Amino acid sequence: MLLAVDIGNSSIKFGVYDGETLVSKFTIPATHSLIFDDLKAAIGRDLERPVSSAIVCSVVPDISEHLATFLKSSLNIDPLFVVNNFPFGLKINYEPFNAAGTDRLVNSFAAAEKYGVPCVVCSFGTATTIDVVSRNRELLGGLIAPGMATMAKALHLNTAKLPEIEVKPHDSVINRTTETSIRAGIIYSQVGLVESSVVRIRAEIGGDPQVIATGGFASMIAENTKAIDVIDENLLLDGLRMLYSRM
């Protein structure tokens, strides 16, 4: 079986694949102080199926090193780490080429493979990223904005009296408390970002691209806009599985 791992700034997602089928999935928090023993405790608790290979997409180099050590010593696996020259089947128009985040590349590849082109990939995590793949399978680029939890923390850290709130679903724009006002401001600013960006993207590239949302806050945003066509929580993990089959 194949272990696919997505190391992000806030969480580490694990998926176990039997062929093309995702048979197990779990998530642990990501901290830059995460060490071998932490991984052993977390993965040992949740990884119940035997795996023989692993592929990893990481945006946190320190955690990558600990994970590689753990997989080698505990499971006798040398994981394959995604780099920017993998066979994504896309022309990557990003400058410089090596600066493109591997998570954005894997998401764009997976969206193109699963849903066709042109497509727009909106990933809602620590950062919100929007990437565009043309009908000619060119990754044209996109935008990066603060994610919702990042916005909540920034408001708290940079103001004297605003509390740090929990980001959770909210259905009113007009609010009577500070907490709900912040929550609504964060959610609807992201909704507005997606809606305005999709309109501008369509004007720039023409046609009617599929808009795919992924990441921890994808469902929350999709519930509040018609700009998103598909929610795919496993987009990156599926992309890793498809990439591994090409190697």
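Me: Let us begin with Ile212: what stands opposite this residue in β11?

Reply: Val230 of β11 stands opposite Ile212. The strand β10 covers residues 210–214, runs parallel to β11, and is joined to β11 by two bridges. Strands (E, at least two residues) and helices (H or I, at least four residues) are DSSP runs, numbered from the N terminus.

Me: Before I go further, what kind of model is this, and how are residues numbered?

Reply: The model is predicted, so to speak of local features requires pLDDT of at least 70, and side-chain atom pairs count only at pLDDT 80 or more, while totals for chains, interfaces and linings use all residues. Residues are numbered from 1 along each chain as its sequence is written, and side-chain values use heavy atoms, with hydrogens and water left out.

Me: Back to the sheet. In what order do the six strands come?

Reply: The order is β6-β9-β8-β7-β10-β11, in an open sheet with mixed pairing. Two strands pair if DSSP finds at least two bridges between them.

Me: Which strands stand at the edges?

Reply: These are β6 and β11 (230–231). Each has a single partner strand, so one side of each is left without a neighbour in the sheet.

Me: Now β8. How many of its residues are buried?

Reply: Six of the seven residues of β8 are buried, and the strand is mostly covered. Buried means under 20% relative accessible area, exposed means over 50%, and partly exposed lies in between (1.4 Å probe, protein chains only).

Me: How does β8 pair with β7, in the parallel or the antiparallel sense?

Reply: The two strands are antiparallel, over six bridges. They form a hairpin, with two residues joining β7 to β8.

Me: And how many bridges join β8 to β9?

Reply: There are seven, and these strands also run antiparallel. This is again a hairpin, here with four residues between β8 and β9.

Me: Where else does a residue other than glycine have a positive phi?

Reply: Asn76 has a positive phi of about 60°. This residue belongs to the loop between α2 (61–75) and β5 (80–81). Asn76 counts as exposed because its relative accessibility is 60%.

Me: Next, Glu138 in β9. Is this residue buried or exposed?

Reply: Glu138 counts as buried, because its relative accessibility is 19%.

Me: What does Glu138 touch beyond its neighbours in sequence?

Reply: Leaving aside neighbours within four places in sequence, Glu138 is in contact with Lys91, Asn93, Val132 and Val133. Contact means heavy atoms within 4.5 Å.

Me: Last topic, helix α5. Which strands does it lie across?

Reply: Helix α5 (residues 178–205) lies across β7, β8, β9 and β10, and runs at about 15° to β8. Axes are lines fitted to C-alpha atoms, for helices over the stretch in contact, and angles run from 0 to 180 degrees between N-to-C directions.

Me: Which residues is Gln190 in contact with, apart from close sequence neighbours?

Reply: Setting aside those within four places in sequence, the contacts of Gln190 are Phe124, Thr128, Pro146, Gly147, Met148, Met151 and Ile221.
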